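Hi there,

Here is the structure I promised to pass along. Have a look at it first, and then read on for what turned up among the aromatic residues.

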Amino acid sequence: MLAALAQWDASVLLWIQENVRCGLLSAILVPWSKLGNAGFIWILLSVLLLLIPKTRKAGTAALLAMLLSLIFTNGIIKHLAARQRPWLVVEGLVPLLAEPDPNSFPSGHTAAAMACAVAWLKTLPVRWGRVLAMVGAVLMGLSRLYVGVHFPTDVLVGAVLGAVYACVVLALIAWWERKKTQSFPQE
């Protein structure tokens, strides 16, 4: 079963390399993937959201969800799984980016992006912002496949973990807001 999954993972990446990669997509997806390094784009956008009273909750939720992602995805799970990067094990795969971290599973870029997107999906006051957040997160995951630095299962698990982190944070925020309202009733 695991061997079949590993074969599928490899075949998807080789198919992308042979059938999808082109100059136009590389000009878009390589820089987009780089913007996810260390969560840069997501941290920047979340900090900007903190500056606006209407979106402060969205910024806070996203930053807290990314903190969980940093601790669990990048700090613990990645090192425990110690799955090698695709180009190290898939013959003929050429990555478009250099990744200094040798561990592939799960995708930290995707986990951070999805953590933000789900947090924003539930807290941003404008629909277009929620849609753009989700599109950006999905593109981040796809970009990691496109550049050849993650297997599809890395990206899928990263997306699920990011969504879980956001849901945990949103539940904690809702609990805090209920507790605050009960402790300090407004008149």
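A residue counts as buried when its relative accessible area is under 20%, and as partly exposed between that value and 50%. Please keep in mind that this is a predicted model.

By that cut-off tryptophan 120 is buried, because its relative accessible area is 4%. Tryptophan 42 is buried as well, at 2% relative accessibility. Tryptophan 32, with 21% relative accessibility, counts as partly exposed.

These residues also meet one another: Trp32, Trp42 and Trp120 make up one aromatic cluster. In total, the structure has three aromatic pairs. One of them joins tryptophan 32 and tryptophan 42 in an edge-to-face arrangement, with 5.8 Å from centre to centre and 85 degrees between the planes. Tryptophan 32 sits in helix H2 (residues 23-35) and tryptophan 42 in helix H3 (residues 40-50), so this pair ties together parts that are ten residues apart in sequence.

How is the pair of tryptophan 42 and tryptophan 120 arranged? The ring centres lie 6.1 Å apart and the planes are at 50 degrees, so this pair is tilted. Tryptophan 120 belongs to helix H6 (residues 108-123) while tryptophan 42 is in helix H3, so here the parts tied together are 78 residues apart in sequence.

If you open the model, tryptophan 42 is a handy place to start, as it pairs with tryptophan 32 and with tryptophan 120.

Best wishes

Conventions:
Residues are numbered from 1 along each chain as its sequence is written. This is a predicted model: local features need pLDDT of at least 70, side-chain atom pairs count only at pLDDT 80 or more; totals for chains, interfaces and linings use all residues. Side-chain values use heavy atoms; hydrogens and water are left out. Rings of Phe, Tyr and Trp (its six-membered ring) pair if their centres lie within 6.5 Å; planes under 30 degrees apart count as stacked, over 60 as edge-to-face and the rest as tilted. Helices (H or I, at least four residues) and strands (E, at least two) are DSSP runs, numbered from the N terminus. Buried means under 20% relative accessible area, exposed over 50%, partly exposed in between (1.4 Å probe, protein chains only).
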